[in-house]
Amino acid sequence: MAPSVSDIVPPVTDAIADLKLTATKEDKGPSYPFYYPYYDPNEKFPPTQVYEHTDPGAKADRAKPHLLTPETNVTHLSPFLGTEVSGVQISQLSEEGLNELALYAAERKVLIFRNQDFKDIGPDRQIEIAKHFGRIQRHPTSGNVKGYPEFHVVYRGSEHDMLKEIISDERINRTQWHSDVSYEKQPAGTTFFFILDQPAVGGDTLFASQVEAYNRLSPEFKKRLEGLRAQAESSRRRGGVVRREPILTEHPLVRRHPVTGEKALYVNQGFTRRIVGFKTEESEYLLKFLFDHIAKGADFQIRARYEAGTVVVWDNRVTAHSATADFNLGDRRHAVRLTPQAEVPTE
Ligand code: SIN
């Protein structure tokens, strides 16, 4: 199974390990070189330890008076997920406001914040805000930022097309639905993704509601899924940097959100490998159906489009997503993800 788009990792050649930014007359280079992907082949992390997570959304006022003030504008993109938000700065939210952000992200699944100063507040403050939502996952293989392993850098430009290295031209398209780091014992919850350079057109992120994907199933089919567990795996990739050894983890195939109580499918093509207790063909058959169901559900999907200053906050427990590799490589796409880990998934 192909690895996730979110984990694009080039092989470590000397050229990559020592990746240098080059500016030409035509191309001045990335707007935020500080966040250029960094790979240190000697960087090592210990196995991730389980910790007690309490979701900040559980402490939020359901009316969200600190987030949804009279100055805040919201536009829903679909009944099932996705809301554009403007008129409020994430960087200015109080503790109460951040709790409300966790709750709103869980309810709407994807929030697209416009005109944010988030990219300019510096790495320490960015990390401090994201930490409110859980311990930040340090990615085992992807590009990070020198001195800041909390950042997961997404980069695609003419000098460094990480996406192409992981999803080859053999594929008809490079769509790859996944939920971030779902192979972790405590996978991602409320997740932050801020754009630094966006293409003139294209480069959107597709999102699907895993709650609605579950709701669409018949009661009899839902009963069959009850109690099933699936294995998810992070893989060691083609000689890329490996900071932490790959792990194989079991999670319920349907999980319940701790704050909203909603049930969501928790399988994804990027990382889910097999259904525990099923024979190989049975597992492949059921997973293929579920992967197709999520991918084809255009009536429970949205696209997040990027503008300068956009920050997308999504709840990885109840969504699947995919990058869209449809833009001209002359148009750089540079973004950074902060990935707080949430609770151990439960049914
Ligand atoms: C991600 O998978 O976390 C990044 C999505 C994107 O690049 O659009």
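Ala232 stands opposite Thr272 in strand 12; strands here are DSSP runs of E with at least two residues, helices are runs of H or I with at least four, and both are numbered from the N terminus. The model is a predicted one, so local features are given only at pLDDT of at least 70 and side-chain atom pairs only at pLDDT 80 or more, while totals for chains, interfaces and linings use all residues. Residue numbers start from 1 along each chain as its sequence is written.

Back to that pair of strands. Strand 8 (residues 229-233) and strand 12 run antiparallel and are joined by three bridges; pairing calls for at least two DSSP bridges between two strands. They belong to an open sheet of three strands, ordered 9-8-12, with antiparallel pairing. Strand 9 (248-252) and strand 12 are the edges, each pairing on one side only. On average, neighbouring strands in this sheet are turned by 30° against each other, direction ignored, going by lines fitted to C-alpha atoms.

Strand 4 (residues 152-157) runs antiparallel to strand 16 through five bridges, and His152 has Arg337 as its bridge partner. Strand 6 (residues 190-197) is also antiparallel to strand 16, again with five bridges, and here Phe192 faces Leu338.

Now for helix 7 (residues 280-296). Its 17 residues reach 24 Å from first C-alpha to last, close to the expected 24 Å, which is 1.5 Å times one less than the number of residues. Leu287, Leu290 and Ile294 are its buried residues.

Leu265 touches Leu290 and Ile294, among others, contact meaning C-beta atoms within 7 Å. In the largest nonpolar core, with 70 residues, Val110, Leu265 and Val313 touch the most other members; such a core is a set of buried Ala, Val, Leu, Ile, Met, Phe, Trp, Tyr and Cys residues joined through C-beta atoms within 7 Å. Helix 2 (residues 95-108) gives the most to this core, seven residues.

Definitions and conventions
Buried ≥ 20, exposed ≤ 12 C-beta atoms within 10 Å, placed from the backbone. Contact = placed C-beta atoms within 7 Å. Axes fitted to C-alpha atoms, helices over the stretch in contact; angles between N-to-C directions. Lists of a residue's contacts leave out its neighbours within four places in sequence.
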